[in-house]
Protein chains: 2
Amino acid sequence: MTEKILIIGGVAAGPKTACRLKRLNPEAEITIIDQDSLISYGGCGIPYYVSGDVPDEKELRSTSFHAVRDPLFFENAKGVVVRSRTRAEAIDRKNKRVSVTNLDTGQTEDLSYDKLVLCTGAMPNRAPIPGADLPGVFLISDLHQAIAIKDLIAKGKVGRTVVIGGGPIGIEMAESFGDLWGLETTIIEWMPQLLPRIIDPIFARMLTHHLTSHGITICTDEKVQSIQQEANGYRVVTDKQELGADLIVMAVGVRPRSDLARDAGLLVGPMGGIVVNSRLQTSDPNIYAAGDCIETNHLVSGKRAQAPFGSLANRQGRVVADNLAGIPSRFPGVVNSFIMKAFDIAIGATGMSLESALADGFDAGQVITAQSDRAHFFPTQAIIPLAMVFDKRTRKVLGVQGFGPMGDSILARLNAAAALIATGGTVEDFSDLELPYAPPFTTALDALNATANVAENALAGRLRAVAMEDFLAWMENPALHPDWRALDIRHPNEAKPFAEAFGERWLAIPYVEVRGRLAEVPDDQTLIIICDAGTRSYEIQCLLDGAGKRSTLVLGGGFNLVRRISVGWWPTK
Amino acid sequence: MTEKILIIGGVAAGPKTACRLKRLNPEAEITIIDQDSLISYGGCGIPYYVSGDVPDEKELRSTSFHAVRDPLFFENAKGVVVRSRTRAEAIDRKNKRVSVTNLDTGQTEDLSYDKLVLCTGAMPNRAPIPGADLPGVFLISDLHQAIAIKDLIAKGKVGRTVVIGGGPIGIEMAESFGDLWGLETTIIEWMPQLLPRIIDPIFARMLTHHLTSHGITICTDEKVQSIQQEANGYRVVTDKQELGADLIVMAVGVRPRSDLARDAGLLVGPMGGIVVNSRLQTSDPNIYAAGDCIETNHLVSGKRAQAPFGSLANRQGRVVADNLAGIPSRFPGVVNSFIMKAFDIAIGATGMSLESALADGFDAGQVITAQSDRAHFFPTQAIIPLAMVFDKRTRKVLGVQGFGPMGDSILARLNAAAALIATGGTVEDFSDLELPYAPPFTTALDALNATANVAENALAGRLRAVAMEDFLAWMENPALHPDWRALDIRHPNEAKPFAEAFGERWLAIPYVEVRGRLAEVPDDQTLIIICDAGTRSYEIQCLLDGAGKRSTLVLGGGFNLVRRISVGWWPTK
């Protein structure tokens, strides 16, 4: 059957829908329209183009076999008509027509369709502050902005940059400025941490520490109030300071581009995303939608969610194509898997953070570990802090977060976690998970298994832990909690400077000696047991519990975590 | 409750059981006996100790905080008594006693127990050939053998090594000889491929090619008949050749050490493993067993399986400890996840190979892809061939195999696959899998998702592929299949030498031109469509199907795979 398929939007979900559908139904007449001149590009690669890792923007819109994905390519190779610089103005659902304007000629016309697919994407928010639309303020909305930014930098016109927004895009842009161009770079985030809602505070602190050590200035809990043009660049005014800048990136979230759908009377959700069913059909059965412009289900929270990720746009495009071709495919929803590079580290998460889970009404708990990614005797071994968020009632794992050296070791753990979380896996399922093992890759009990085991111990009430934030606050200001003491079971050389700094509060008994020196361990104060990873501390907690001394708390992740957080003032070995 | 727990075996499952149980029940009186003097070591690290990556054998039996796990450590730190050099001779189940011999003094005694745990491990097979017990023939049975081997090499007494057995241990040992010591090394495997039953032939060929390019000689389909001592070393005689060697490693599989259990009347399975229920209880409810000495369930095949992996021994030890402490934990079974390093590559698998699945009666199919591990525009990008084995009836994924550069990119895909396979995931579940995405780590549609999509196309009958082995055979001997032709849609420069070598058989039409040159494509012969990864070939197959030309087959994985297989004779660009 020859059907006329019209697709609005030519970046990710649109071309995917078109190409898959053309393979399923070579007869289909498929037209993609897009208001931009550049289409079908890897938007997530923009920071790497700006940094110079990717030398030419064409690589972002090329295939793996080095063909540029322009309209001619789509016509010749794919049999799909692409009309770029063509804006959809309105949908006439009754007559199944879309009125469009050619942005070069100004000419308007009506395009008819049998089935319409909306892949209109998302648009970056522009903060409602004075100066937000000055020429030196860039939104990372499309490839043109990226090209303009790189141009300015390459011409030597940029020395100081300010990035407004500490989400993934803001951080990636800051890295690209700082890393390869050596620009003076400041991130300003109005929430109290980087990557808010995506990761929990301790992981954000590790990230902040790492970025800071690479010369990026991080300002959180700080609101930009205005941007002013000056003789020589710009001035960014916040509620705390004023900063000079030659270039400002505003990366304060995106919102679905759903006006066209709303104006046509299609159902649009409260967050602004087009409402679709699991086959990605809108409230008009002849119109589908996919990509950043839709709302979807969050498989963990059970709520509606925005999930503007290129990876999902591709999956959704496939589902739309299937349904248009008569194959009843479904898009089940999202778990919100995320990863990013920041200089020498990788940080990522899948599922929900503890904060998000609590905010969504879960009776959630969290454990944090800091184990080796591979056999401790293998030369490339590194510590990879992991967090596991779980539902205390159902024992389901709600989320996992990881922080480690750049490479794929964090990805490996998140991949396993994403797969299990999507299937409703419990803490026990994570303990049982049989991951491939060899010393160059993992440990006999993988860090992810070990984290699940810690969660199981916490759920059973055997492991009682102190929140790392609390402990850090007490260390910085011991008076905050009048009666805490530390039991430092690390090597005497590690414990010594702390014992000297904290005096009586800091009791040092090496791990192997505790069993023989039980009498020295007090039981009248909150005793924080401290080691490097938290594992030995838990052992000692069990031992002390057995001896009737139950006022202990374990510092999960131990000094492996503490060392990854900026703490400046206290003793270092 | 003070219970006397006796554990036989002190390498992996035994110490894990002891330490976990002591935490759960500090009152328990726990004794481990082991006939060896060295206990609690990471046996999987032996090849890295022999190679020199791990300088001291003590590191293999140290904790991550550098304490040597000797009997004193277990006593002081763990509260567990370890009696090394103590052999269990017999179990008197009625009186709950084990008679033991002190191997140093010859003294015998009876140890009583409330609960007994058998962690007797596995012993390496010694091939029943003349000379198998000569002093230069080493089994990788324990740390002493490893120390002896490294000693010989370090003293300069070894120039030529022969490794009998092309399984993981044999290959790792060969790598350690070849890589860091530069020894002349030959692997002899009696099956037609390396890693038989673990991976399928094409992946074995890629591995063989890589090992060969690093100077290891690989002989498959070859049986060792005898080993003879000579004036200067040894002579290994096979059914095809004779080889001189200074040191021979025999790595021809292991068998469960279950004699003690069998002699005590416990149920032992046909493969020699101790039979346990899912709580790891033997046929005597007061006796548990864990580690390499047991039989377990294969979660994919549904059959009983041996799975002698250190990672599983640790998980099982935890389960035994739980049950001894009154926590009803279960060990669900295995999927047989596997990974190894071989020089610069990583190779691994989880679940079943195609050969194993077919042998076990599955109506199984397989697809092979060769996509990028990360965004094709990211500098560190590499191709990672993946195979997916699936059940044609249930659409369940039975197994995944991967081959890629050394690093964690193969691990990352296998981790996700292992998690989903254990939950009975289908091809569609793999398509839907939402893995974390950013260009430095993955592609928008991860290679694992893409492989599932290819499997879905194959299951739907849309993708028809030629087996790579068949095609390679036809290329080597075109007369094997009288009427095959190639449609090479790669860049003309890539196709040219093949078109010249194969003449009329090799039709070259670049991918973007096929749609306009349909008339040139023949339909009267088996037409193998060839590209780099297989993706474009599938597109062209759809296109040709639409044009009524249905005699095509896609070469899955394309020349990305072909290039990774030793082929010597044919044209290279």
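## Helix pair across the two chains

Helix α10(A) passes α10(B) in a right-handed crossing. This is a predicted model. In each of chains A and B, helix α10 spans residues 409-422, and the two axes come within 8 Å of one another while crossing at roughly 20 degrees. Angles under 35 degrees count as roughly parallel, and α10(A) and α10(B) are therefore roughly parallel to each other.

On the side of α10(A), the contact is made by A:L411, A:A412, A:N415, A:A416, A:A418, A:A419 and A:L420. On the side of α10(B), the contributing residues are B:L411, B:A412, B:N415, B:A416, B:A418, B:A419 and B:L420.

## Relation between the chains

Chain A is superposed on chain B by a rotation of 180 degrees, with 0.0 Å of shift along the axis and an RMSD of 0.0 Å. That is the relation of a two-fold axis. The same surface serves both copies, since 99% of the contact residues of chain A recur in chain B.

## Nonpolar core

In soluble globular proteins, nonpolar side chains tend to be buried together. In this model, the largest nonpolar core has 391 residues. The residues with the most contacts inside this core are A:I248, A:A289 and A:A416 from chain A, together with B:L118, B:I248 and B:A289 from chain B. One of these, A:A416, also takes part in the contact between α10(A) and α10(B).

The surroundings of A:A289 can be listed in detail. Leaving aside neighbours within four places in sequence, A:A289 is in contact with A:V117, A:L118, A:A261, A:I274, A:V276, A:L280, A:T282 and A:I294.

## Helix pair within chain A

The crossing of α1(A) past α8(A) is right-handed.

From α1(A), the contact involves A:A13, A:K16, A:T17, A:R20, A:L21 and A:L24. From α8(A), it involves A:A313, A:N314, A:Q316, A:G317, A:R318, A:V320, A:A321 and A:L324.

B:R490 is placed in the loop of chain B between β27 (484-488) and α14 (492-502). With 22 other C-beta atoms within 10 Å, B:R490 is buried; the cut-off for a buried residue is 20 or more.

Not counting residues up to four places away in sequence, B:R490 touches B:A495, B:I530, B:C531, B:D532 and B:F559. Between B:R490 and B:E184 there are 306 residues of separation in sequence and 39 Å in space, taken from C-alpha to C-alpha.

How values were computed
Residues are numbered from 1 along each chain as its sequence is written. Chains are lettered from A and ligands numbered from 1 in the order in which they are written. This is a predicted model: local features need pLDDT of at least 70, side-chain atom pairs count only at pLDDT 80 or more; totals for chains, interfaces and linings use all residues. A nonpolar core is a set of buried Ala, Val, Leu, Ile, Met, Phe, Trp, Tyr and Cys residues joined through C-beta atoms within 7 Å. A residue is buried if 20 or more other C-beta atoms lie within 10 Å of its own, exposed if 12 or fewer, and partly exposed in between; C-beta atoms are placed from the backbone. Two residues are in contact if their C-beta atoms, placed from the backbone, lie within 7 Å. Copies are superposed by least squares on the C-alpha atoms of residues with pLDDT of at least 70 in both. Axes are lines fitted to C-alpha atoms, for helices over the stretch in contact, and angles run from 0 to 180 degrees between N-to-C directions. Helices (H or I, at least four residues) and strands (E, at least two) are DSSP runs, numbered from the N terminus. Angles under 35 degrees count as roughly parallel, over 145 as roughly antiparallel, 65 to 115 as roughly perpendicular and the rest as oblique. A crossing is left-handed if the near helix is turned anticlockwise from the far one by less than a right angle, and right-handed if clockwise.
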